[in-house]
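Colleague: I have a few minutes before my next run. Can you put the structure up and take me through it?

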Amino acid sequence: MFGWLRSLFGAGPAPADERVERPAAPVAKAPAAMAPETTMATTAEASGDDGGRDDGARYVIVGAGPAGVIAAETLRAADPDGDVLIVHGEDGPPYSRMAIPYYLTGMIDEAGTTLRKAADHYDDLGIRIRHGRVERVLADDGRLALAGGGSVTFERLLVATGATPIRPQIEGLDLPGVHPCWTLEDARDIVRLAEPGSRVVLLGAGFIGCIILEALVKRGVELTVVEMGDRMVPRMLDATAGGMLKRWCEGKGIKVLTSTSITRIEPATDAAAEGGGLAVELSGGETVPAHLVVVAAGVRANMAMLDGAGIDTDQGVLVDHHLRSSHPRVYAAGDVAQGPDFSTGGFSVHAVQPTAVDHGRIAALNMAGGDAPYKGSLVMNVLDTLGLVSCSFGRWQGADGGEQAERIDQDAYKYINLRFEDDKLVGAITLGRTDWVGVVRGLIQTEVALGPWKDKLIADPHRVMEAYLARVGTA
Ligand SMILES: Cc1cc2nc3c(=O)[nH]c(=O)nc-3n(C[C@H](O)[C@H](O)[C@H](O)COP(=O)(O)OP(=O)(O)OC[C@H]3O[C@@H](n4cnc5c(N)ncnc54)[C@H](O)[C@@H]3O)c2cc1C
């Protein structure tokens, strides 16, 4: 269930281990770069857009997700005298997208999704939050242009704008009853429409899609999942694990259609309307009635505001091992950043919360003048789908010329696949096991030479715990 997943990630609604130590006394100083009419008395939770006003701070952060909030708190601790301003593009207090599934199931209310629970948390730390959308970054001028007018000056900027759901080119995607599941606003729409017994089509069975799947099932809907890949979670699981997960979901009453796409969505005709207000046409020719279509077709980095800023981008904002972009005063963190990748030695976007938290902390330490290198994020996805836990780690697809070992128990829904490069473990998939998560991660992350343990693992991959104790535990 979600709770288990959250504790495993060490990230979720306001976890204690994401916080940084608060300074002894709250800091609320007038920033040097701030326009005269602006005061520090601004309430963090002010609603609506403050557009039109000029503003400024030594440290400006665009985005109030986990990356932005951790960065602000870290900056406060690292530089108690430096003023910190977050520009928050959504209404309300900063919240965690990862908490949305809990909200969908009714386990928490909206207040439960906030990243920090105390109403005066940001005020106490002297962190200002300004609501508004940044339209352009003028990096050389040290200035941001806001939608609706007004600008914000900065000495150091952190771009922590996250990502936006991809909108596939499908006719009918703008009909009422079709929603992504990315913001709290989306979640409110879904709660309204996903009533017990209602028919829901979920487009996409990727990592986020599968998290939403579980929440929808817990709401008691009749669910059809449409995935264009040949298996569930194709970017995280191989054919064996993806196939087992599909069988597991089908056993729970979910209709899972892989190698299938939605070709069109139309308002249902009167005759079909009682099955739902929408008619969802599939690539195989079948039409499925639905009250709600939830679109989870992947995300793309929010970096349009950097157009023309002279900052290098690719899949995300390209950052170095200090999370600094190609511009010396601009940093990036979280889903928007294409940062160091532990497994490949290259640079990748890892759109998960633990990476956002690491990025935010490291970027802030460097923005404050420190020297905090980032080793890189290890691809590690852990998914609990209605009680079946699947995990993939590092280079789970294997290294060129590398060997592999696997054990499959289809009936018991248990699977392990290990991937080696020379005598190191570089990737793995596990399904139906939670006890090996730490040791598999440890074996990969420490890059330990397995020596004779490589052959032992090839003969029996279930011996990962013994291998860990022999090679890492005693090191
Ligand atoms: C339903 C759901 C479940 C998830 N579950 C998990 C999970 O179990 N585990 C996990 O690791 N990850 C999960 N994720 C992904 C995780 O939420 C993201 O990786 C994480 O939120 C990234 O943090 P971030 O700070 O980089 O970006 P975000 O949290 O997306 O925050 C970006 C911020 O930038 C703001 N912004 C964007 N553009 C502008 C602009 N132009 N001007 C001003 N502000 C702007 C936004 O309003 C927002 O405040 C889930 C996501 C969803 C949607």
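**Valine 233 and onwards**

Modeller: Start with valine 233, which counts as buried because it has 23 C-beta neighbours inside 10 Å. Keep in mind that this is a predicted model.

Colleague: Where does valine 233 lie?

Modeller: In the loop between β10 (222-226) and α7 (239-251). Valine 233 is not a glycine, yet its phi is positive, about 45°.

Colleague: Which other residue has a positive phi although it is not a glycine?

Modeller: Glutamate 447, with a phi of about 55°. Glutamate 447 sits in the loop between α9 (437-445) and α10 (453-459).

Colleague: Is glutamate 447 buried or exposed?

Modeller: Exposed, because glutamate 447 has 11 C-beta neighbours inside 10 Å, and the cut-off for exposed is 12 or fewer.

Colleague: Changing topic. Which residues come nearest to the ligand?

Modeller: Gly63, Gly65, Gly89, Gly162 and Gly334, out of 37 residues around the ligand. The elements that each give two or more residues to that shell are α1 (2-9), α2 (66-78), β2 (84-88), α3 (100-105), α6 (207-218) and α8 (353-367).

Colleague: How do the shell residues divide into nonpolar, polar and charged?

Modeller: The shell has 23 nonpolar residues, 10 polar and four charged.

Colleague: And which domains does the shell draw on?

Modeller: Domain 1 (2-164 + 299-367) and domain 2 (178-295) each supply at least three residues.

Colleague: You listed β2 there. What does β2 pair with?

Modeller: With β3, in the parallel sense, over five bridges. In one of the bridges, leucine 85 has arginine 128 of β3 as its partner.

Colleague: How many residues of β3 are buried?

Modeller: Five of its five, residues 127-131. Ile127, Ile129 and His131 point one way from β3, while Arg128 and Arg130 point the other way.

Colleague: Now the largest nonpolar core. Which residues touch the most other members?

Modeller: Val60, Ala71, Leu202, Val293, Val294 and Ala333, in a core of 139 residues. Helix α6 gives the largest share of this core, eight residues. In soluble globular proteins, nonpolar side chains tend to be buried together.

Colleague: Take valine 294. What is it in contact with, leaving aside neighbours within four places in sequence?

Modeller: His179, Cys181, Ile190, Val200, Leu202, Leu203 and Ile212. Leu202 is also among the core residues that touch the most other members.

Definitions and conventions: Residues numbered from 1 in each chain as written. Predicted model: local features only at pLDDT ≥ 70, side-chain atom pairs only at ≥ 80, totals over all residues. Near = placed C-beta within 6 Å. Helix = DSSP H or I, 4+ residues; strand = E, 2+ residues; numbered from the N terminus. Nonpolar A, V, L, I, M, F, W, Y, C, P; charged D, E, K, R; others polar. Domains from an automatic or database assignment. Core = buried A, V, L, I, M, F, W, Y, C linked by C-beta atoms within 7 Å. Buried ≥ 20, exposed ≤ 12 C-beta atoms within 10 Å, placed from the backbone. Contact = placed C-beta atoms within 7 Å. Pairing = 2+ DSSP bridges.
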